[in-house]
Amino acid sequence: MQLEIDRENELTRRYRRWRPALMSFFLKRVRDHAEAEDLTQDVFTRVFGGTHADPELQAGYVFQVASNLLRDRARRSRVRTDSRDAVGSLYGQGVDWIDPEKIAAARDALAMLAAGLAELPERTRNIFVLYRVENIEKQLIAESFGISRSAVEKHVARAMVHLMARARKDSE
């Protein structure tokens, strides 16, 4: 109990000693009182927050910690600014912003497409996937299945008609 009171008194003494100098240091650099308060509190937490804090800290050490906090703050700010600029440069350029509603709608559409593909005969499904998804040329598909190029076109057309009809039915 006494040890805890002594520790509290020591922290109060250090706070009274270091706070004005640290606030002045930070206010000259950030020009925002609330930010200076936060940075001062961070210095106290880092320097005096441990259970074995050195009672005879040198001013150089305390202000080195303060300088490091300012550098960290500048880095974080630069990263945020760079990120904000990158996102801002994309705005208005046709970039589609992702939101939960769009994700859910896309998943539903993908599930409907998968169900429609599952209803197709296996050969038609395979030919459609090779042509539309894998972007394989019709002639190469025809050769690998041992059919004519026009037969590949007919399979793709049949699959498209089926999938479009299913999409219309599902949207009603």
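Reader: What makes the contact between Lys138 and Glu153 a salt bridge?

Author: In this predicted model, the side chains of Lys138 and Glu153 meet at 3.7 Å, N to O. A salt bridge requires a side-chain nitrogen of Lys or Arg within 4 Å of a carboxyl oxygen of Asp or Glu, and therefore the pair qualifies at 3.7 Å. The pair links distant parts of the chain, with Lys138 in helix H6 (residues 138–145) and Glu153 in helix H7 (residues 149–171), 15 residues apart.

Reader: Why is Lys138 called buried?

Author: The relative accessibility of Lys138 is 17%. Buried means under 20%, so Lys138 counts as buried.

Reader: Why is Glu153 called partly exposed?

Author: Glu153 has a relative accessibility of 33%. Partly exposed covers values between the 20% limit for buried and the 50% limit for exposed, so Glu153 counts as partly exposed.

Reader: What makes Arg149 and Glu153 a salt bridge?

Author: Their side chains meet at 3.5 Å, N to O. The cut-off is 4 Å, and therefore this pair also qualifies as a salt bridge. Both Arg149 and Glu153 lie in helix H7, four residues apart, which is about one turn of the helix. Arg149 is partly exposed because its relative accessibility is 41%.

Reader: How many salt bridges are found in the whole structure?

Author: The search finds six. One of them brings together the side chains of Glu37 and Arg19, at 2.3 Å, N to O. Glu37 lies in helix H2 (residues 33–48) and Arg19 in helix H1 (residues 2–30), so this pair ties together parts that are 18 residues apart in sequence.

Reader: Are Glu37 and Arg19 buried or exposed, or partly exposed?

Author: Glu37 has 24% relative accessibility and counts as partly exposed. Arg19, at 23%, likewise counts as partly exposed. Each value lies between 20% and 50%, and therefore neither residue is classed as buried or exposed.

Reader: Which residues gather in a patch of positive charge on the surface?

Author: The patch is formed by Arg46, Arg76, Arg80 and Arg84. Lys and Arg count as positive, so the charge of these arginines is taken as positive. Helix H3 (residues 59–90) gives the most to the patch, with three residues.

Reader: Why is Arg84 called exposed?

Author: Arg84, which is found in helix H3, has a relative accessibility of 55%. Exposed means over 50%, so Arg84 counts as exposed.

Methods: Residues numbered from 1 in each chain as written. Predicted model: local features only at pLDDT ≥ 70, side-chain atom pairs only at ≥ 80, totals over all residues. Heavy atoms only, no water. Patch = residues over 30% accessible without salt bridge, like charges linked within 9 Å, V, L, I, M, F, W, Y side chains within 5 Å. Areas by Shrake-Rupley, 256 points an atom, 1.4 Å probe, with all protein chains shown as cover. Charge placed at Lys NZ, Arg CZ, Asp CG, Glu CD. Helix = DSSP H or I, 4+ residues; strand = E, 2+ residues; numbered from the N terminus. Buried < 20%, exposed > 50% of the residue type's maximum accessible area, 1.4 Å probe, protein only.
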